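Work through the exercises below with the sequence and the model side by side. Try each task before reading its solution.

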Amino acid sequence: MPLKLYNTLTKKKEKFIPINKNKVGMYSCGPTVYNHAHIGNLRSYLAADLLQKTLKYNGYKINWVMNFTDIDDKTIKGVTENYTKAADNNDLKKYTQKYINIFKSDLAKLNIEKPDFVRATDKIEEIKKMIKKIVDLGFGYEKDGSIYFDIKKYQEKYRDYGKLVGENFMKGMKFGATVNADEYEKENIGDFALWREWKENDSNIFWENENFPKGKPGWHIECSAIGADKLGDQFDIHSGGVDLIFPHHSNEIAQSQTASGKVPFVKYWFHSEHLLVNEEKMAKSKGNFFTLKDIEEKNFNPLALRYLCLGAHYHSTLNFTWQSLEASQNALERLCEFMKSDESRITNHELEIEVESKYESLFLEAINNDLDTPRALAIVWEMIKSKEMSYQNKKALLLKFDRILGLGLSQVKKEKLIIPDEIQILIKEREEARENKNWKRADELREVIKKKGFLVEDVESETDIRKL
Ligand code: AMP
Ligand code: ZN
């Protein structure tokens, strides 16, 4: 079953065929590092990680690149307000390093593989070069010291501006005024800034530019330049949250295709849906957000968040509640307990192989069907409950599945099941009751044993024992 992914560019679920045979280039828009990432942001990285784990499981090698937006207005505001008013480029680096470190530690706690991280401020030369190229080609112009991208000109040549939003995006649209800010509204398709001239309130944060006035790059150009530098003019996958489809990703496409002259810039666009609180998007600006630290302070395992996110398809919104996090933590604990349990059971070998491969292909079918994790989790639980497989083989298969799920199950230390004498006596007594077909007494004893913290289960002629 080949991997199929929903592609925002074509609005279709498509068979994944990489540009180069086995090596996949993937770029994810990283966080703005002026503050802690919230768990909504983290959901988008969990989705990207799920995708890269799935690609690896399917045998591909991945080159996964992620930027740090360490240069935008909010970051400059952060450093001048919280660090020093006279902040310069070095202060900006120090200030953002703190949040970069926290972000990296959050990813590690969520079992998200480390991508090849790139700070925007480390790629200023590449950014400047790309801007120069766009201007030289006639698709950028200077106005009041800043450099803007000429959308009208782009549209005349490439005719696909905003295609990521929808084929009819440009129908009836008017070309508006230039926009000298990092973000702008959907209705406004004013030319966006590639390079923004240094202003007094930027403190001492700026970069010299041989071709244009000193200043700083616009937001969109950093991803185009880093993507091209690390992955080439064209690559396989680009990911981000759905809010980035417009303007950020639409503008990235316009810039990159202009600079390289190659279409398409990216083959598959992968967008994950939002995490909500009270049915509203979790956002820093709304103040309705939680960080991973908040979760840990309430004694939750960060991986419970991973489990929670796996429970919803990446393409659906997910409303966050503490109750649902608790239910996810319970489910995760049950999986960990299962990994720790130590039992043996005699099974029919041939039947077992058949059942095992059935579950493996069902799991892969679900995952390869545009990462259907809710279905994949249902298969995990079905497999665990199966009467036809031994514990050892179930565990081995679960570990294999966990290469995609990333729930850290291989880290669970196996505990040798120690059954106290008192329980052993009760079990023996229960077995005798069963032999004598005294089912009532056997059930009573099961309850007594359960109250003492052990679960007995009869599987055909065997008795399994597990710690509760
Ligand atoms: P930012 O740090 O704001 O640039 O966002 C980093 C990533 O998080 C982007 O891919 C956003 O699309 C994504 N994102 C922002 N808010 C949410 C949310 N509530 N749920 C899921 N993803 C989000
Ligand atoms: Zn980006």
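The model is predicted, so local features need pLDDT of at least 70, side-chain atom pairs count only at pLDDT 80 or more, and totals for chains, interfaces and linings use all residues. Residues are numbered from 1 along each chain, chains are lettered from A and ligands numbered from 1 as written, and side-chain values use heavy atoms, without hydrogens and water.

**Exercise 1.** Find which residues coordinate the zinc ion (ligand 2).

Solution. Step 1: look for donors (N, O and S atoms within 2.8 Å of the metal, or 3.2 Å for Na, K and Ca; water is not among the atoms, so sites may look incomplete). Step 2: the donors are SG of Cys29, SG of Cys223 and NE2 of His248, at 2.0 to 2.1 Å. Step 3: Cys29 sits in the loop between strand E3 (23-28) and helix H1 (39-57) and Cys223 in helix H6 (residues 219-231), so the pair ties together parts 194 residues apart in sequence. Helices (H or I, at least four residues) and strands (E, at least two) are DSSP runs, numbered from the N terminus.

**Exercise 2.** Decide whether Cys29 is buried or exposed.

Solution. Step 1: buried means under 20% relative accessible area, exposed over 50%, partly exposed in between (1.4 Å probe, protein chains only). Step 2: Cys29 has 8% relative accessibility, so Cys29 counts as buried.

**Exercise 3.** State which element gives the most residues to the shell around ligand 1.

Solution. Step 1: H1 and strand E10 (235-241) each give two or more residues. Step 2: H1 gives the most, with four.
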